[in-house]
Amino acid sequence: MGTSFAPSSPVSASPVRVRPTPVGYKGVVVAGLILLAWATLLAYLLAWYHPNWRSPGPYLLALLQMHLYTGLFITAHDAMHGVVSANKRLNNGIGLLTAGLFAFNWFPGMLPKHHAHHRHVATDQDPDFHDGHHSSFLLWFGRFAWNYVTLAQVVLMALTYNVLKLFFPQANVIAFWMIPAVLATLQLFYFGTYLPHRGEHAPDNPHKSRSQLRHHAWAFISCYFFGYHYEHHDQPYLPWWRLWRAKEAG
């Protein structure tokens, strides 16, 4: 999958400049649809679904739930850039909710780290970066998790798991609540951090990032267009659902 990313040079792949426009209520509507889809599917999978583990159905549904989990985090990410709503209180409230539903992430704690990533990308002050030398996936992911996962999250996840299994089948809780969250974390890291920022970058690349080659359907399925990562760093005022417009036509 990494071979679908373009060379790290803004000269050969300059993004289209997309003029900032008011989001209005669209950002809130998009966030609401993701929240509703995630909560509705999860409730069905926990309370009413009787999986046949010998059929592909439960595995496909787990992948769909993973995608919706990723959408929760992408919504929280947009809130970090203030592009869910022009109303700051509403924007941050949605960010707090969607980050919390994604494995109890704490929005106020993530906010300064994410902006540090944008200001100091691929440096020692970048909390998302490794050290520039040990760029293997596992080592980098370990450092990434160390910077972001807290003891409180682990405790809350454990408590929630033990409560949920009192009311719902344990296999369903593991397959449709726990595993999709873990897979979504790996998905976000792989497509939104590791592939865009690993390796060497051209000296004239101000964002020290590269982008997936233009393929809008795959860009959405893989990580809500965040494979277009140079474009995101170049124009962070674009919400995820407008980011595809910045991708060069070539």
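Predicted model: local features only at pLDDT ≥ 70, side-chain atom pairs only at ≥ 80, totals over all residues.

Q: What about closed spaces? How many cavities of 30 Å³ or more does the structure hold?
A: It holds 2 of them. The second largest cavity has a volume of about 40 Å³.

Q: Which residues line the second largest cavity?
A: Its lining is made up of Gly27, Val30, Ala31, Thr75, Asp78, Val83, Val84, Trp240 and Trp241. The elements giving two or more residues are α1 (26-47) and α2 (57-80), and α1 gives the most, with 3 residues.

Q: And by class? What does the lining of that second largest cavity have?
A: By class, 6 of the residues are nonpolar, 2 are polar and 1 is charged.

Q: Let's switch to α4. How far does helix α4 reach from its first C-alpha to its last?
A: Helix α4 covers residues 107-119, so to speak 13 residues, and reaches 18 Å, close to the 18 Å expected at 1.5 Å a residue.

Q: Which residues of α4 are buried?
A: Phe107, Met110, His114, Ala116, His117 and His118.

Q: What covers them?
A: The cover over the buried residues of α4 includes α2, α3 (88-101), α5 (137-148), α7 and α9.

Q: Tell me about Phe107. Why does Phe107 count as buried?
A: Because its relative accessibility is 3%, and buried means under 20%. Phe107 lies in helix α4 and touches Ala76, Ala79, Met80, Asn92, Gly95, Leu96 and Ala99, leaving out residues up to four places away in sequence.

Q: How far apart in space are Phe107 and Val182?
A: They are 18 Å apart, C-alpha to C-alpha, and 75 residues apart in sequence.

Q: Moving on to His67. Where does His67 lie?
A: In helix α2. His67 has 13% relative accessibility, so it counts as buried.

Q: What does His67 touch?
A: Not counting residues up to four places away in sequence, His67 touches Gln187, Phe220, Ile221 and Tyr224.

Q: Now the backbone. Which residue has a positive phi of about 45° although it is not a glycine?
A: That's Lys208. Most residues other than glycine have a negative phi. Lys208 is in the loop between α7 (170-197) and α8 (216-223), and it counts as partly exposed because its relative accessibility is 27%.

Q: And Phe225, what is its phi?
A: Phe225 has a positive phi too, about 75°, and it is not a glycine either. Phe225 lies in the loop between α8 and α9 (229-234).

Q: Is Phe225 buried or exposed?
A: Phe225 counts as buried, because its relative accessibility is 9%.

Q: Last one, Gln235. Where does Gln235 lie?
A: Gln235 is in the segment after α9. With a relative accessible area of 0%, Gln235 is buried.

Q: Which residues is Gln235 in contact with?
A: Leaving aside neighbours within four places in sequence, Gln235 is in contact with Pro15, Val16, Arg17, Val18 and Ala246. The Gln235 side chain also reaches the backbone oxygen of Val16 at 2.9 Å.

Q: What about Ala246, what separates its C-alpha from the one of Gln235?
A: The two C-alpha atoms are separated by 8.1 Å, and the residues are 11 apart along the chain.

Methods
Residues numbered from 1 in each chain as written. Heavy atoms only, no water. 1 Å grid on protein atoms, 1.4 Å probe; cavity = no way out; pocket = protein on both sides within 12 Å on 5 of 7 lines; lining within 4 Å. Points joined across faces, edges and corners; volume = space filled by probe spheres on them. Helix = DSSP H or I, 4+ residues; strand = E, 2+ residues; numbered from the N terminus. Nonpolar A, V, L, I, M, F, W, Y, C, P; charged D, E, K, R; others polar. Buried < 20%, exposed > 50% of the residue type's maximum accessible area, 1.4 Å probe, protein only. Contact = heavy atoms within 4.5 Å. Polar contact = N/O pair within 3.5 Å; in protein donor to acceptor, adjacent residues only side chain to side chain. Expected span 1.5 Å × (residues − 1).
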